[in-house]
Amino acid sequence: MPKDQEQEKEKVRKFARRYCELSGYKLNPDMKMAEIVIEGLAKNRVNKGFQYCPCRPLTGDPEQDKLKICPCKWHKDEIAADGHCHCQLFYK
Ligand code: SF4
């Protein structure tokens with residue numbers, strides 16, 4: 001993995017842990033799964049400039065796509081309904 005991406009992965013890990021502290025959510029207890037999502041977010045930070053959700057297609061319209069920057073617009077509703085967000089990064 002390129003060095004940039006490894007650094008970005010660490011930033012995403014820090015963001016995710018901090019967001020859990022603030023929100024009361026938990027990270028996916030299956031750390032392998034969590035790491036796959038974290039890697040996808042880091043790749044988007046490097047390649048697309050923002051930590052876009054790796055589990056949602058981008059439209060190319062910045063107004064629509066900004067809703068998909070993690071933590072995305074839908075995660076609270078998804079966690080309330082399903083116990084986890086669409087990507088299964090954050091859990092109740
Ligand atoms: S589904 Fe989860 S991982 Fe994906 S952007 Fe929303 S909160 Fe982040």
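## The cavity lining

The lining of the largest cavity divides into 11 nonpolar, two polar and three charged residues; here Ala, Val, Leu, Ile, Met, Phe, Trp, Tyr, Cys and Pro count as nonpolar, Asp, Glu, Lys and Arg as charged, and the others, Gly among them, as polar. This is a predicted model, where local features need pLDDT of at least 70, side-chain atom pairs count only at pLDDT 80 or more, and totals for chains, interfaces and linings use all residues. Residues are numbered from 1 along each chain as its sequence is written, and side-chain values use heavy atoms, with hydrogens and water left out.

The structure holds one cavity of 30 Å³ or more. About 100 Å³ of space lies in the largest cavity, and of the 16 residues that line it, C53, C70, C72, C85 and C87 are the closest to its centre. A cavity is a set of points, on a 1 Å grid over the protein atoms alone, where a 1.4 Å probe fits but cannot get out, and lining residues have an atom within 4 Å of a point. Grid points are joined across faces, edges and corners, and a volume is the space filled by probe spheres set on the points. Both α2 (31-48) and α4 (75-82) supply at least two residues each of this lining; helices (H or I, at least four residues) and strands (E, at least two) are DSSP runs, numbered from the N terminus.

## The ligand and its shell

Where is the ligand? The ligand sits in the largest cavity, meaning that more than half of its atoms lie within 2 Å of the cavity's grid points.

Around the ligand are V37, C53, R56, C70, P71, C72, H75, C85, H86, C87, L89 and F90, each with a heavy atom within 4 Å of it. By class, this shell has nine nonpolar, two polar and one charged residues.

## Backbone details worth a look

Most residues other than glycine have a negative phi, and most peptide bonds are trans. P71 lies in the loop between α3 (62-65) and α4, and the peptide bond from C70 to P71 is cis, with omega near 5 degrees. Q88 is not a glycine, yet has a positive phi of about 65 degrees; Q88 lies in the loop between α4 and β2 (90-91).

## N28 meets Q88

N28 has its place in the loop between β1 (26-27) and α2. The side chain of N28 reaches the backbone oxygen of Q88 at 2.9 Å.

N28 counts as buried because its relative accessibility is 5%, whereas Q88, at 28%, counts as partly exposed. Buried means under 20% relative accessible area, exposed over 50%, and partly exposed in between (1.4 Å probe, protein chains only).

Key: On a 1 Å grid over the protein atoms alone, a cavity is a set of points where a 1.4 Å probe fits but cannot get out, and a pocket is an open set with protein on both sides within 12 Å along at least five of seven lines; lining residues have an atom within 4 Å of a point. A polar contact is a pair of N or O atoms within 3.5 Å; within protein, one must be able to donate a hydrogen and the other to accept it, and residues adjacent in sequence count only if both atoms are side-chain atoms.
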